[in-house]
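Biologist: Could we go through this entry together? I would like to start with the overall picture and then turn to a few details.
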Amino acid sequence: MAARTGGSRRAFIAGAAATTAGALSAAGAGTARAAAEPGAAPTTGRRTVAVLGGGVAGMTAAHELAERGYAVTVYERRALGGKARSMDVPGSARGGRRPLPAEHGFRFIPGIYRNLPDTLRRIPFPGNANGVWDNLVAPREMMFARSGGREDLRAPISWPGHSPAPLTPEEIGRALTGILQTLVRLPAHETAYFVNRVLVFLTSCDERREEVWERTPWWEFTRAARMSTEYQRILAIGVTRNIVATKAEEASTRTVGTLGEAFVFNLLGRGADGPPDRILNLPTNEAWITPWETHLRSLGVEFRIGWSVEEVRCEDGRVSGVAVQEPSGARSTVTADHYVSALPVERARRTWSPALRAADPMLGRCDALRTDWMTGIQFYLTERAPLVHGHLNCIDSPWSLTAIQQAEHWPSRDFAADYGDGTAVDCLSVDVSEWDRPGILYGKTAKECTREEVAREVWAQLKASLNDTGTTALRDSALHSWFLDPGVGGLGTPHPTNEDELLIHPTGTFHNRPSAGTRVPNFFLSGDYVAVDIDLATMEGANASARAAVNALLDRDGSAADRCTVTGLHRAPELESARRHDLWRHRLGLRNVLDPG
């Protein structure tokens, strides 16, 4: 991983200013743009880039381009950071304290990520030798919380001093068997079968993965229909719903297996940036997004906050301008030499004009990509709950809840002294992954519930998972308040909405993911839906795709600047011979040698 030096961070500041109307042709944009046009990128003699969207993908693209001397302007309709950002609970601050911190969902930066950590290291943070990267902390354990009186399962996460054992298929099998028998308590024959399925995937060649496993649902690959409820709940439904945010019955085995493979290698200390579980030691904006903005501004990046992208226009096979709505409501056209679309796919494809789609039919395939709901709710507590020192997975909860208590992982903050009214001492941040199954309190799906009913239902499901073995871990009297992501609207009505849906990965999805470079010579794609090595809706995918987009732009521009490093998921060299053997078998129409069929 190539780390770079330099940079400092900037504050979260809203941009303003009006922009002139009218689209300039791309051929003349570099010279015809006047310095007085506030909507256009500044005329400094440098090549200009309009980055559409200020989430992780957009900020990464701006970062890499600015380091290479481009004049970059980022257009973001809401707030920088996108789904990764934290936010303030309105009206919650008292006595000079900060507002209670909230978020779309808790940030999880596992050791399998290698591109995003490189970016974090290049964002200066006061007192940190490695910038924002030093704000990552590793929880000591995780817990699978069961309901119905079954004992919760705790798993320590050890990392310092880890010395990986020799890596062979047999060693991987033994490690997985031990983990599953200890933590999951499955019947021995089901454990053995699941381990076999993992080994089949690990030794499968890329062609088999793309041609067979991409089109095979995880439910079918793991033979879940033939197995116990425990097996289905944990290894089929649990893996896909809580980690990949999709349904086991339709999730691509290639996608689920790729993630699982990366985590197995991470646990074995192979190809990892750090421990398998890491979070930030402050609210996301404090620890990362605000310093990042500060750094990008120091590199000359300009931000237009509150500017909504409406249409990317195309003339003569090139992007000629982008129609935007300004904070004032006025409509105008943004022009630049190059354009990077860094919007989420469900928004990006609505901005692609018919002429742009005609110029590159690849864009049309993105219409087949699907999104689903995975949204956060925070509960603020007046006492620390005795739960777990890390992530909590309520694997029996109908709404597939995962959570983490945050205060203990923010050591530089006294939660009660720094946030809210001084009585809340912790924040239990919860992700709701399943919005279409009935709950236990009202018998309604999350989408059918009002916001208040969602909060009560989530709280009830948490208590059902945590208070069922004789200990009251969560007390109603300790609940101070709650905050549900404001991006969710219309709950309890026939038309619920979500501004921050998550890309999901049904079978066949891989073949509809676009490349970062398009056939339109001055238009590039960045986002977690773009085809990169990590086939998941993640901050790592957003970061890697932005690097790929910048590299494509540099190639089109004939730039002599260094290309961005794009680091793929770890591939164990010890398994390459097995994959080559599988390639031979696959081309002959044979199953993987370890696959019993």
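Biologist: What percentage of the residues in the chain is buried?
Modeller: Of the 597 residues in the chain, 58% are buried, where buried means under 20% relative accessible area, exposed over 50%, and partly exposed in between, with a 1.4 Å probe and protein chains only. This is a predicted model, in which local features need pLDDT of at least 70, side-chain atom pairs count only at pLDDT 80 or more, and totals for chains, interfaces and linings use all residues. Residues are numbered from 1 along each chain as its sequence is written, and side-chain values use heavy atoms, with hydrogens and water left out.

Biologist: How many helices and strands are there in the chain?
Modeller: The chain has 17 helices and 23 strands. These are DSSP runs numbered from the N terminus, with helices being H or I of at least four residues and strands being E of at least two.

Biologist: In what order do the five strands of the open sheet come?
Modeller: The order is β9-β2-β1-β13-β23, with parallel pairing. Two strands pair if DSSP finds at least two bridges between them.

Biologist: Which strands stand at the edges?
Modeller: β9 (302-305) and β23 do; each has a single partner strand, so one side of each lacks a neighbour in the sheet. On average, neighbouring strands of this sheet are turned by 20° against each other, direction ignored. Such angles run from 0 to 180 degrees between N-to-C directions, and axes are lines fitted to C-alpha atoms, for helices over the stretch in contact.

Biologist: Turning to the helices, where does α2 lie?
Modeller: α2 lies across β1, β2 and β13 and runs at about 170° to β2.

Biologist: At what angle do α2 and α16 pack?
Modeller: α2 (residues 56-67) and α16 (residues 539-557) pack at about 40°, with their axes 8 Å apart. That angle makes α2 oblique to α16; angles under 35 degrees count as roughly parallel, over 145 as roughly antiparallel, 65 to 115 as roughly perpendicular and the rest as oblique. The contact, meaning heavy atoms within 4.5 Å, includes V56, A57 and T60 of α2 and M539, A542 and N543 of α16.

Biologist: Now Q406: which residues does it touch?
Modeller: Not counting residues up to four places away in sequence, Q406 touches E103, F106, D426, C427 and S429. Q406 is in the loop between β17 (401-405) and α14 (415-418), and it counts as buried because its relative accessibility is 7%.

Biologist: And D533, where is it found?
Modeller: D533 is in the loop between β23 and α16. With 43% relative accessibility, D533 counts as partly exposed. Leaving aside neighbours within four places in sequence, D533 is in contact with T258, G568 and L569.
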